[in-house]
Amino acid sequence: MTGAATERDRSAETPIWLQGSFRLLFTGAALWALVVVALWVGALDGAWSLPTVMEPLAWHQHEMLFGYLGAVIAGFLSAAIPNWTGRPVVTGWPVAAFVGLWVAARLAVLFSAYVPPLVGAVLDVGFLLALFSYAARQICAARNRNKPILIVLLLFAAACGLDHAAAMGLTADPAIGMRAGFALILMLIAIIGGRIIPAFTRNWLVRRGLTDGLPIMANRFDHAVLAITAIALAGWVFSPAAHLVAWLLLGAGALHAARLTRWAGLRAVADPLVFVLHVAYAWLPAGLLLLGAATLWPIVPVSSAMHALGAGAMAAMTLAVMTRATRGHTSRPLEADGATVAIYVLVNLGALLRVAAPLLPFDYMLSIRLAGGLWGGAFLLFLFIYGRMALERLVKS
């Protein structure tokens, strides 16, 4: 029996939900996003208190950043790395152990008023280090070009540890770990988005014979935009109130807006799977502009900027990537049905309302609840449609 045949036999014997970490991690991430938002809105409304030693806002930020996004990144890499390297997909008990570590970390952090906070910190950072170890082993063994992602993963794990240290009162700046993690995710969106968005758009246009005005692929302009963005975000991490940093953020936002116009997004509006990537990326320049403006002009709420980047750029981009990856890796057609379009509409409407909430002439908490309902509706629909898609074996007629 050949090695390939043996691999196929093992795959057939393995439960579908253990055939690649992305299946459980994408599903778990979406479920956890719903739980975090529900618990946070309830705590903000005074309906209940949270059983964590973290302040409610700090817990909400930590769990959306290192909990939800940590799972999405891990799921994405578990699906992408075999494609990048040609190495086999990890299946079976290592998947169960890896996902179990993520679940244990989430529960330990949530119940850190009863579980020693150090336990949650070790589990949380341990999950990200396990991801780094897997990615480094696979990428280095294949001599793949994606080694820079390993640096981001290691820094992200360090930022997670720093955020736990801040919650234990061990840092002078209680938000530096959060800002560092936030900045790293934004850089990932800028780097990976700059690769996949013009490439997917170009491929879609070429398949339809539309060969004029194709997206401009990465060149020196893009490298300059990434460099300026890295400098601006590094400045924001260490000196968020500095006016020079604010102007750098404004400049980076303007450059990303210009970058987006080079990718011919309006020509791909007929394909929601492609067009949503452009919409999600548009939140990045919007958020950077708002973040810079919030420092220079206090009339602009910092919370609006943070939610443009978090509820907008990060959530919309991750849902766009998770829907596309789930379809691709479960042998479904890369087509967006009505439910998928509804996911995209809901997450963007929810983000828009949350960004605008402090400025609207309505009750603030009502706006927050409506925004949370729209945004959460996107994740609930993702769970119902794509959770089943990921966890059920495709039966071909």
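Predicted model: local features only at pLDDT ≥ 70, side-chain atom pairs only at ≥ 80, totals over all residues.

Residues are numbered from 1 along each chain as its sequence is written, and side-chain values use heavy atoms, with hydrogens and water left out.

## Cavities and pockets

On a 1 Å grid over the protein atoms alone, a cavity is a set of points where a 1.4 Å probe fits but cannot get out; a pocket is an open set with protein on both sides within 12 Å along at least five of seven lines; and lining residues have an atom within 4 Å of a point. Grid points are joined across faces, edges and corners, and a volume is the space filled by probe spheres set on the points. Helices (H or I, at least four residues) and strands (E, at least two) are DSSP runs, numbered from the N terminus. For residue classes, Ala, Val, Leu, Ile, Met, Phe, Trp, Tyr, Cys and Pro count as nonpolar, Asp, Glu, Lys and Arg as charged, and the others, Gly among them, as polar.

A search of the whole structure gives two cavities of 30 Å³ or more. The table lists the spaces and their volumes.

| Space | Volume |
|---|---|
| Largest cavity | about 280 Å³ |
| Second largest cavity | about 70 Å³ |
| Largest pocket | about 620 Å³ |
| Second largest pocket | about 490 Å³ |

The largest cavity has a volume of about 280 Å³. It is lined by 15 residues, of which Ile 73, Phe 76, Leu 188, Ile 192 and Thr 318 are the closest to its centre. Two or more lining residues come from each of α3 (56–85), α7 (176–207) and α11 (302–329). The largest share, six residues, belongs to α7. By class, this lining holds 13 nonpolar residues, two polar and no charged ones.

The lining of the second largest cavity has eight nonpolar, four polar and no charged residues.

The largest pocket has a volume of about 620 Å³. Among its 28 lining residues, His 60, Met 64, Met 306, His 307 and Ala 311 lie nearest the centre. Two or more residues each are given by α2 (21–44), α3, α11, α12 (338–356) and α13 (364–391). With eight residues, α11 gives the most to the lining of the largest pocket. That lining divides into 20 nonpolar, seven polar and one charged.

The second largest pocket, of about 490 Å³, has 22 lining residues, and Phe 76, Ala 80, Trp 84, Ile 196 and Phe 200 lie nearest its centre. Here the elements with two or more lining residues are α3, α7 and α11. The largest share, six residues, comes from α3. The lining of the second largest pocket has 14 nonpolar, five polar and three charged residues.

## Nonpolar cores

A nonpolar core is a set of buried Ala, Val, Leu, Ile, Met, Phe, Trp, Tyr and Cys residues joined through side-chain atoms within 4.5 Å. Buried means under 20% relative accessible area, exposed over 50%, and partly exposed in between (1.4 Å probe, protein chains only). In soluble globular proteins, nonpolar side chains tend to be buried together.

The largest nonpolar core has 113 residues, and Tyr 68, Phe 182, Ile 185, Trp 236, Tyr 281 and Trp 375 touch the most other members. Helix α11 provides the largest share of this core, 15 residues. Apart from it lies another core, of five residues, among them Leu 205, Ala 264, Ala 268 and Val 274.

Contact means heavy atoms within 4.5 Å. Not counting residues up to four places away in sequence, Ile 185 touches Leu 65, Leu 69, Ile 73, Phe 156 and Met 314.

Ser 78 lies in helix α3. It counts as buried because its relative accessibility is 8%. Leaving aside neighbours within four places in sequence, Ser 78 is in contact with Ser 21, Phe 22 and Tyr 134.

Ala 246 belongs to helix α9 (residues 243–261), and its relative accessibility of 1% is why Ala 246 counts as buried. Not counting residues up to four places away in sequence, Ala 246 touches Gly 292, Thr 295 and Leu 296. Between Ala 246 and Ile 185 there are 19 Å in space, C-alpha to C-alpha, and the two are 61 residues apart in sequence.
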